[in-house]
Amino acid sequence: MMGHDVGEKVCNSLTMIAYRPLINEKVRARVERLELPFGEHGIDPYGAGKEELAFGFSIIEILYKYYFWVESRGLENIPARGRVMLVGNHSGGIAIDGLMVLATCFFELEPPRLAQSMVDKFLVKIPTFGALSTRMGQFPGLPEHASRLLEDERMLLVFPEGARGTAKLAHEADELVRFGSGFMRLALETKTPIVPFGFVGAGEALPTVANLYQLGRLLGVPYLPITRYLLPIPKPTIFQLGFGEPIRFEGTGRESEDELEPMVEEVKSAIRELIREGRAIREAKQDEEGES
Amino acid sequence: MKILITGISGKLGQRAASKFASRGDEVIGIDRRPWAEAPPGVEVHQTDIRKRAAEDVFRAFEPEVVVHMATVTHISQQSEDRYRINLQGTRAIVDHCHRYGVKQLIFVGRHTYYGAAPDSPLYHSEDEPPLGIHSFPELADLVAADLYAGSALWRFPQIDTAVLRIVYTLGPGRHGTLANYLRGPRVPTVLGFDPLFQFMHEFDVANAIAAAVDAKIRGVYNVAGPAPMPLSAIIREAGRQPMPVPDAMMHITLGRFGMPFLPKGAIDHLKYPIVVDASAFKRATGFQHSYDESETIRAFVEAE
């Protein structure tokens with residue numbers, strides 16, 4: 001290794017940040033327990049790096065444990081290893097929900113698992129941020145990536161609503177918009193079980209009243225959310241996250257859209273049910289708080 | 001076996017020639033450049049592959065196998081001449097192979113065929129079209145030569161044609177795109193980007209070409225060795241200093257302040273990865289690399 005420290009070598013993406021003191025040693029120990037084929041340089045075959053994961057999850061931990069709070073249920077439905085797709089809803093508010101699912105899988109599962117989401121291409125183009133997300137195993141959303149990761153027995157995080165979902169306004173946060181069928185084809189093709197999840201609360205964290213699409217495009221993002229208090233900064237919020245039992249579908253992935261529709265609908269209704277449960281828990285809690 | 005190597009005087013050409021000669025193959029070469037220390041028995045004809053003299057070599061030697069490596073791949077060299085060599089030269093070689101009864105043709109191409117872009121997938125498979133030609137027109141002739149060589153598969157089905165898309169090479173030869181880029185003590189990178197790079201030892205490249213000949217493979221194959229490494233890790237392991245430059249400043253920095261020159265389109269190659277899936281080649285030939293990533297970088301550094 002020519003006398004250099006591994007961490008120093010793999011962190012060019014973070015050159016401008018004195019990141020080392022920010023790494024929580026407990027988080028680093030959890031990264032060591034991830035069952036990923038890290039090589040000699042602390043990098044897995046897709047470029048996910050231990051050092052960047054430790055840094056990234058140390059930052060995410062602050063959001064996950066101190067700024068927000070996630071009440072999760074049904075964690076036992078997530079298999080400890082082997083290919084699986086976590087399929088759920090965006091509840092508005094940029095993609096805080098994705099980040100919280102990522103954190104839940106990393107901090108709550110034993111052993112920890114890395115959920116690999118499919119990020120928007122525009123994120124990959126942002127200096128440092130793009131490099132960091134790639135090094136954390138979050139790749140541009142391409143069908144090639146998705147099927148390769150599943151064939152490698154990884155855990156894929158999928159939001160079939162896509163950007164239509166993150167752009168939900170506060171009053172529609174619990175509703176589901178149109179699901180693409182790509183995720184179902186992928187599941188059938190790779191014979192991957194689907195674990196549905198329902199996420200509640202991101203709409204309250206970032207109460208969006210409007211999205212500015214043209215201004216966003218000028219800034220190189222798909223849209224700019226405007227909240228009740230103008231700034232797109234989320235408020236500290238408690239979220240409800242429920243995972244349902246794994247659903248397995250039989251098929252080839254070459255089915256017509258009409259044949260896929262009932263399968264997609266089955267996943268959608270499982271998610272709808274999990275959202276309803278989460279919403280009930282949330283409201284019971286708010287009532288309690290209101291009375292006390 | 002009678003093997004003709006075009007571009008034999010290049011570093012990889014020499015490695016391949018030595019490999020074949022050492023195991024008893026009859027080797028002959030064509031190159032515009034001389035090869036002063038060619039091993040005994042290896043005959044080098046100093047001519048252009050598009051000239052009559054080159055065709056005479058085909059006629060007189062009657063090779064069974066042709067390894068075509070006479071392409072100009074330096075991304076820093078951009079000229080009319082380069083287009084002519086890469087396209088007309090490849091055409092001449094394919095035609096001669098057909099006319100003089102060559103059984104096997106190996107086209108040595110580059111994995112940069114696939115291009116680097118924010119939406120390019122990791123682990124390209126051979127069926128993927130090239131991306132990013134619009135942002136890097138300097139690569140267009142290599143892409144065209146690659147596809148043209150592939151067309152020999154249906155135009156002349158009696159020839160076993162293999163198109164190899166080989167990753168960057170590194171080693172004691174200190175030659176090639178990656179070696180040139182890593183030459184100086186300070187290596188420019190794009191601030192906030194750190195793509196995976198895939199490279200293999202030049203000896204392993206020679207072994208891979210030999211494996212392709214032995215297995216008589218037909219078709220298009222990616223060729224790779226060790227697992228990809230982040231660019232910053234390669235730079236540091238080579239004992240160099242990465243010099244992160246903001247993207248917008250890149251084009252005024254390159255070629256100045258002791259930094260290597262790179263065309264504008266090459267900057268995307270410092271931002272986004274080109275990683276290929278070489279499993280089909282390994283299955284078809286049984287090829288295994290003998291130098292891992294650290295040994296390969298060390299071989300490059302120690303030859304200084």
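Analyst: Helices here are DSSP runs of H or I with at least four residues, strands are DSSP runs of E with at least two, and both are numbered from the N terminus. The model is predicted.

User: Where in chain A is A:Pro111, and is the peptide bond from A:Glu110 to A:Pro111 cis or trans?
Analyst: A:Pro111 sits in a loop of chain A, with helix H4 (96-108) and strand S3 (115-119) on its two sides. Omega of the bond from A:Glu110 to A:Pro111 is near -10 degrees. That peptide bond is cis.

User: How many other C-beta atoms lie within 10 Å of B:Arg174?
Analyst: B:Arg174 is another residue other than glycine with a positive phi, near 50 degrees. In chain B, B:Arg174 is found in the loop between strand S7 (168-170) and helix H5 (177-181). B:Arg174 counts as partly exposed because the number of other C-beta atoms within 10 Å is 17.

User: What is the handedness of the crossing of H7(A) and H9(A)?
Analyst: Helix H7 (residues 143-151) and helix H9 (residues 182-190) of chain A cross at roughly 35 degrees, and their axes come within 10 Å. A:Pro143, A:Ala146, A:Ser147, A:Leu150 and A:Glu151 of H7(A) meet A:Gly182, A:Leu186, A:Glu189 and A:Thr190 of H9(A). By class, this contact has 4 nonpolar, 3 polar and 2 charged residues. The crossing of H7(A) and H9(A) is right-handed.

User: How are H1(B) and H6(B) oriented to each other?
Analyst: In chain B, the axes of helix H1 (residues 11-22) and helix H6 (residues 202-215) are 9 Å apart, and the angle between the helices is about 55 degrees. The crossing is right-handed. Angles from 65 to 115 degrees count as roughly perpendicular and those under 35 as roughly parallel. H1(B) and H6(B) are therefore oblique.

User: What is the radius of gyration of chain B?
Analyst: Chain B has 10 helices and 13 strands. The globule rule gives 19 Å for its 304 residues, and the chain is close to that, so it is as compact as a globular protein of that length. The radius of gyration of chain B is 19 Å.

User: Which element gives the most to the side of chain B that touches chain A?
Analyst: The contact takes 22 residues from chain B and 24 from chain A. Strand S12 (229-230), helix H7 (231-237) and strand S13 (241-245) of chain B each supply at least two residues of its side. That side has 13 nonpolar, 4 polar and 5 charged residues. With 4 residues, the element that gives the most is H7(B).

Technical notes
Residues are numbered from 1 along each chain as its sequence is written. Chains are lettered from A and ligands numbered from 1 in the order in which they are written. This is a predicted model: local features need pLDDT of at least 70, side-chain atom pairs count only at pLDDT 80 or more; totals for chains, interfaces and linings use all residues. Axes are lines fitted to C-alpha atoms, for helices over the stretch in contact, and angles run from 0 to 180 degrees between N-to-C directions. Angles under 35 degrees count as roughly parallel, over 145 as roughly antiparallel, 65 to 115 as roughly perpendicular and the rest as oblique. A crossing is left-handed if the near helix is turned anticlockwise from the far one by less than a right angle, and right-handed if clockwise. The radius of gyration is taken over C-alpha atoms; the globule rule is 2.2 Å times the number of residues to the power 0.38. Two residues are in contact if their C-beta atoms, placed from the backbone, lie within 7 Å. Ala, Val, Leu, Ile, Met, Phe, Trp, Tyr, Cys and Pro count as nonpolar, Asp, Glu, Lys and Arg as charged, and the others, Gly among them, as polar. A residue is buried if 20 or more other C-beta atoms lie within 10 Å of its own, exposed if 12 or fewer, and partly exposed in between; C-beta atoms are placed from the backbone.
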